[in-house]
Structures are given as C-alpha cells and as structure tokens.
Amino acid sequence: MTRFNRILCVVDPEATMDTAVVQALRLAQDNQADITFISVLKEVKHWRTFFTSKAEYASKLTELLANKRAAIEAKVKAKDNDQDPNIIVCTGIGFIEIIRRAIDDQCDLVVKCAEDADWMDRMLGSEDMHLLRKCPCPVLMLKPGQLDAFGKILATVDVNDSFRELDDEQVQDKLNQAVMEYSVSLSLPELSELHVGSAWDAYAEDWLRYGTFAHQSDEQVDDYVEQGRRDCATKLARLVTKMDARFDKSAVQYLQPKLHQVKGKASKEIPLLAQKHQIDLIVMGTVGRVGIPGLIIGNTAESILEQTQCSILAIKPKGFQTPIK
C-alpha cells in the first residue's frame, strides 16, 4: 500500500492557511506520517534599504521570522492541540526553498493551498505551477476552502496505444500504476468514492473518414474506431484489476471504482468529467506520454491543471530529475 511517510506542508499565516493545515494533519494521521510546516518569506529589496544599518535590518528580519513562526504554531495547535509542530521559516524564492527542503528531508508529499484567491485565475509561471513542474515528489495542490475529506476522487490514466511504441521505458504504464496506487490509498481511509477516468481517441479517424485520398468505407472506419475503444476499455479494466494484487482484495472491491472512458482529447474531457461528477480531487501524472528527457510537465497535464476547479495530486514518474539544485 502506498503511504506517505514525510509530509511537507506549505503555510502562510498572512493568508488563509486553514485548508493546507487541516488536510496535511488529516493525511499525517491517516498515514502515521511525520509532518513539517514551512513558510518562505520573500525578501523585497526596497524593504532591506528601509533600515539605516545591516544590524537593524538583521534584527527586524529575525523578529519578523519569529512572529511568523509563532503565528504558524498557534494556527496548528488550534487545529490539533496535541501537535508539537516542526516549523521552518526561511527567506528566499518560495518554490525553490520548498523543493530544496523536500529533497533534503526526503519528503514524499508536499501539501499547499493554491495561492490565487480565484482558483480559475491560476496562471502558468506562478509559484504554484513552478512547484507542480519541478518538485520531484507528489504535490497536493488544494482548492481554497477544501476543508473536508475528499468525498470523490478521480484517478486519471492514459491507456491509449497511440505512439506507445516510442515509450521504451514504459513511462506511461508505470505512471498509470502509480496514479492508481495513490488514488486507492487516499480513498481507503475515508472510504471516498473512487472514479477512474481515461480519454481515448482513434488515431487519424478524421483523415480516414474525410481525407481526400482515404478510400475506407464508413463501416471499415467504424470497426477500426470500435476496436480502439474495446482495446482501451480492456486495458482500463485490467489496470483496475491489478490493484487487487497491490491492496487487500476485499478493500478494493468495497471501493467499487467507477470507470469512465470518454472519447476525445484528455485536455478537454478530463475537466468536464471532473465537473460532471463533482470530483473533489484529481490524481494525475504530470509528465508527457513518451517521457522525453527534460519534459517536466506534459502539455495535456498542464492544460488540465489550468482548467480544473478541484484539488490536484500531481505525480512525477520514478526517476524524475528536478532542475532545482
């Protein structure tokens, strides 16, 4: 069973941090994990020049960091008075310091609430997207206000055969398995409703149907498309069945995962699927299908992240190398 052992929770006492604290504490309890709270203060150049001397600046910075630490401790203890929280308050660039700490402490999960007040207005290039792109361990990016347990979880997998022959390292298959393992592990403690979704397409279907030099009949194209659908359906069912061997069989059967096979582009269909079923958490891989070196986050995953209105657990494949040193 996939478990989290060391959780790094990103907090900011000057903004709402209840969501991150509540979810991190719940996950730590469910997984019997150690938890560290981190807050990064961004130093502003003109603030540094406000003081008359380096000594005065250092004194005020120390005071500011201490106040921030005290505020975090008070907030955590308000949620769980038995906690003796491990708190790190530092200065620097937010996502870089978070990733460095995650690497140094060998964390297997980073928890953070989305930085934008409006979840739909998150932009590429933000601190959140940098973290999702470059953090080597899974990142749980929470929708603001997500205080309850995840009632509905959607595991998104790719079972298309298109270009699979280029995937010599079987990156996508391993990523699919990881997505399923994390999804089941998160669903079991809270008995969440588990959905498994995959978008599929028939390669070059439009060209076969409407291309000037295509000579296939409609019946032939229909058979070709239906065969592709059946193949994907078989792989999707087999992927779910494999979880019986990884977990207690009765537990997985109790969850009774609901399978969804939607035709079209994943970048469009997965957000629609999540919206239709009122999903609280999407679990997804964030590296492109063929595992091209240096491809930190796939275009499909990035498009889904831009559109979704729920929390996200983003997973990298084994062996991912972060550019953060």
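This report describes the fold, the strands and helices, the cores and the cavity of a predicted model.

## Basis of the model

The model is predicted, so local features need pLDDT of at least 70 and side-chain atom pairs count only at pLDDT 80 or more, while totals for chains, interfaces and linings use all residues. Residues are numbered from 1 along each chain as its sequence is written, and side-chain values use heavy atoms, with hydrogens and water left out.

## The chain overall

The chain has 11 helices and 10 strands. Helices (H or I, at least four residues) and strands (E, at least two) are DSSP runs, numbered from the N terminus. Of the 325 residues in the chain, 48% are buried; buried means under 20% relative accessible area, exposed over 50% and partly exposed in between, with a 1.4 Å probe and protein chains only.

A contact means heavy atoms within 4.5 Å. Among contacts with a separation of 6 or more, 78% are between residues 24 or more positions apart.

## Strand β2 and its partners

Strand β2 (residues 34-41) is largely enclosed by the rest of the structure, because 6 of its 8 residues are buried. Two strands pair if DSSP finds at least two bridges between them. Strand β1 (residues 6-10) runs parallel to β2 and is joined to it by 5 bridges; R6 has D34 as its bridge partner. Strand β3 (residues 86-91) also runs parallel to β2, with 6 bridges between them, and I87 in β3 stands opposite F37.

Beyond residues up to four places away in sequence, F37 touches C9, V11, V21, L25, I72, V76, P85, N86, I87 and I88.

## Two nonpolar cores

A nonpolar core is a set of buried Ala, Val, Leu, Ile, Met, Phe, Trp, Tyr and Cys residues joined through side-chain atoms within 4.5 Å. The largest one has 59 residues, and I7, F37, L140, V283 and L313 have the most contacts inside it. Helix α6 gives the largest share of this core, 8 residues. A second, separate core of 34 residues includes V10, A102, L131 and C137.

L131 is also one of the buried residues of helix α5. That helix (residues 127-134) is mostly covered, with 7 of its 8 residues buried.

L27 is found in helix α1 and is buried, with a relative accessible area of 6%. Apart from neighbours within four places in sequence, L27 is in contact with I7, L109, V111, L140 and L186. L27 and A149 are 122 residues apart along the chain, and their C-alpha atoms are separated by 9.6 Å.

S187 lies in helix α6 (residues 171-190). Its relative accessible area is 0%, so S187 is buried. With neighbours within four places in sequence left aside, S187 is in contact with I153, S192, L194 and L255.

## The cavity

On a 1 Å grid over the protein atoms alone, a cavity is a set of points where a 1.4 Å probe fits but cannot get out, and lining residues have an atom within 4 Å of a point. The whole structure has 1 cavity of 30 Å³ or more, and the largest cavity has a volume of about 100 Å³. A volume is the space filled by probe spheres set on the points, which are joined across faces, edges and corners.

The lining of the largest cavity has 13 residues, with L27, D30, F150, L186 and E190 nearest its centre. Helices α1 (18-31) and α6 are the elements that give two or more residues to this lining; the largest share, 5 residues, comes from α1.

Conventions: 1 Å grid on protein atoms, 1.4 Å probe; cavity = no way out; pocket = protein on both sides within 12 Å on 5 of 7 lines; lining within 4 Å.
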